[in-house]
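Please open the model in a viewer and keep the selection panel at hand.

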Amino acid sequence: MLLELKNIKTNYGNIRALKGISLNVDQGEIVCLIGANGAGKSTTLMTISGVLTPIEGDVLYQGRSIVDDTPDKIVQAGISQVPEGRMIFPLLTVKENLEMGAYLRKDKAEVQKDLERVYGLFPILKQRLKQQGGTLSGGEQQMLAIGRALMGRPKLLILDEPSLGLAPIVVGAIFEIIKTIAERGTTILLVEQNAQLALEFSDRGYVLETGLITLADSSQALSQNE
Ligand code: ADP
Ligand code: ADP
């Protein structure tokens, strides 16, 4: 098991956002979290990436507890998150944005190799290297955000609403690339409000409702439940 959440409870002040979330992700899977706005999907992701610390429960990554680790340490351990809204650096060029994703590594030849891998997945980024991130279209910014996360060589890539605000045709292209990333060995955990879309592209899913998991099954079974 790559990732395991055990009975996670996370608060915002006195408000209990997660009321006991247990889930797991195996190496090589695409797993989705679906559920209505406010269900706790983003809070779950932020608890995994160390932005939030739960008041109860544990997060195990490769069998080791990371629940008290800093976000930087969690990135170094191999978990990269693409936040909701992409959060690229608008004034930096595409290439500089990508290089920021490799800030923890010094070996330039290695970084160059990783850049080539990202260009292979997203050829459009190679054509835009010297453009400022903020001048890209929404879909291109999402690709840049994913590319930047991949520069950290994650074992687990976490995506918060990759389809948000994008045209269906662009979303389809991005999800095809997400599948390719998974096929090449990176495990994926993603959050989507668009449940149908998420289930189409993932192996398994968890349904969240007001801070609890109410269903967990294969994507195929959950689709028939919809
Ligand atoms: P989702 O990602 O499923 O839309 P969230 O994880 O963003 O849900 O939110 C879960 C619950 O926590 C919601 O009730 C939301 O209003 C609340 N919440 C989220 N962020 C904060 C915050 N910064 N302060 C207080 N409550 C928050
Ligand atoms: P999501 O799409 O994940 O549900 P939201 O649109 O609910 O995100 O929230 C956007 C931002 O507002 C997030 O940073 C979230 O933490 C924050 N937020 C959400 N609900 C609340 C709340 N009740 N009080 C304060 N901040 C909140």
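The stops below concern a ligand site and a helix.

This is a predicted model, in which local features need pLDDT of at least 70 and side-chain atom pairs count only at pLDDT 80 or more, while totals for chains, interfaces and linings use all residues. Residues are numbered from 1 along each chain as its sequence is written, chains are lettered from A and ligands numbered from 1 in the order in which they are written, and side-chain values use heavy atoms, with hydrogens and water left out.

**The ligand site**

Select ligand 1 and its surrounding residues, among them Tyr-12, Ala-17, Gly-38, Lys-41 and Ser-42 (a heavy atom within 4 Å). Helix α1 (residues 41–48) gives the most to this shell, with three residues; helices are DSSP runs of H or I, at least four residues, numbered from the N terminus.

Next, display the polar contacts (pairs of N or O atoms within 3.5 Å). An oxygen atom of ligand 1 lies 2.5 Å from a side-chain N or O atom of Thr-43. A polar side-chain atom of Asn-37 is 3.2 Å from a ligand oxygen, and a polar backbone atom of Ala-39 is 3.1 Å from one.

**Helix α4**

Now select residues 108–121, helix α4. Which residues of α4 are buried? They are Val-111, Asp-114, Leu-115, Val-118, Tyr-119 and Leu-121 (buried: under 20% relative accessible area; exposed: over 50%; 1.4 Å probe, protein chains only). These residues lie on the same side of α4, because they cover an arc of only 155° around the axis (taken from the directions from the helix axis to the C-beta atoms). On the other side, Ala-109, Lys-113 and Gly-120 are exposed.

Finally, select Asp-107, which caps the N-terminal end of α4 through a side-chain oxygen 3.0 Å from the backbone nitrogen of Ala-109.

Methods:
Helix = DSSP H or I, 4+ residues; strand = E, 2+ residues; numbered from the N terminus. Expected span 1.5 Å × (residues − 1). Polar contact = N/O pair within 3.5 Å; in protein donor to acceptor, adjacent residues only side chain to side chain.
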